[in-house]
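Here's a quick tour of a protein model. Have a look at the structure first, then read on.

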Amino acid sequence: MQHQLGLSTGSHSDNDEKCLLARVAGGDRAAFEKLYKLYFSRLTRFVGRMTRSTPLIEEVINDTMLVVWQKAATFDGTCKPSTWVFAIAYRKTLKGLRASDEPLESDATLYEDDLGLQPEQHMHRQQLQQTVADALDALPAPQRAVMVLTYYHEMAYSDIADIVACPVNTVKTRMFNARQKLKEVLWNERENNR
C-alpha cells in the first residue's frame, strides 16, 4: 500500500494525501503515522520560522496533528490537504504566540547554506542570515506567515489565503508590507555597517 501511495520514495501527491486523510478519518492509525511523518518536517520548518520557542513548536505540531486525527472526516477536498493542515498549524501557532510570554529569538543556523565560502564570506553570510532572521522576527505574525509560506514553502497566494483565512488581496498586501519592512531593516543594517 505504501508503494501505491508513492510514499516509499518520499514523493507524494495531493491525491495520495487525500487517500491518507480518508483512511485517517476511518480511524487507520498506520495512515495517521504516515501522514504525521509526511508533515512533521514541513510543519517544523513553518512553525519554527513563526516562533523560535522549541517547546511551542512541539506543542503546535502535536496540537495540529491531533486536530488532523480528530477532524480528518471534516476535510471536504475543496482545498489541497497541505492547505488544510497548514491552516490548522497557522491557527495553532497564532494561539500559542498569544498565550506565550517567551521572547522570540532568532536562530541563524536555520538559514545556513554553506557553499564552501572563505571565512570572511562565511561570516558575512551568517551576519546577513541573522539580519534577515531578525527582520522576519520583527514582522507581525500575519506578515511573517505570508513570507514564510511564500519563500520557504513555495505556496501560491491562493493557498496562503486559504491557510490564513483571508482574501488573496489581503495576502498580497501583507506581502507588500512585509517586503517594505524587510527592505527598510536591511537598508538600515547596510547603512550602519558602512
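## Surface and burial

Of its 194 residues, 41% count as buried, meaning under 20% relative accessible area.

This is a predicted model, where local features need pLDDT of at least 70, side-chain atom pairs count only at pLDDT 80 or more, and totals for chains, interfaces and linings use all residues. Residues are numbered from 1 along each chain as its sequence is written, and side-chain values use heavy atoms, leaving out hydrogens and water.

## Overall build

The protein chain has eight helices and zero strands (DSSP runs numbered from the N terminus: H or I of at least four residues for helices, E of at least two for strands).

## Zooming in on helix 7

Helix 7 covers residues 157-164, and its buried residues are Asp159, Ile160, Ala161, Ile163 and Val164. They pack against helix 4 (81-99), helix 6 (141-151) and helix 8 (168-192). Just past helix 7, Ala165 has a positive phi of about 55°.

## Helix 7 meets helix 8

How do helix 7 and helix 8 pack, at what angle? Their axes (lines fitted to C-alpha atoms over the stretch in contact, with angles from 0 to 180 degrees between N-to-C directions) are 8 Å apart, at an angle of about 100°. So helix 7 is roughly perpendicular to helix 8 (that label covers 65 to 115 degrees).

Terms used. Buried < 20%, exposed > 50% of the residue type's maximum accessible area, 1.4 Å probe, protein only. Contact = heavy atoms within 4.5 Å. Parallel < 35°, antiparallel > 145°, perpendicular 65-115°, else oblique.
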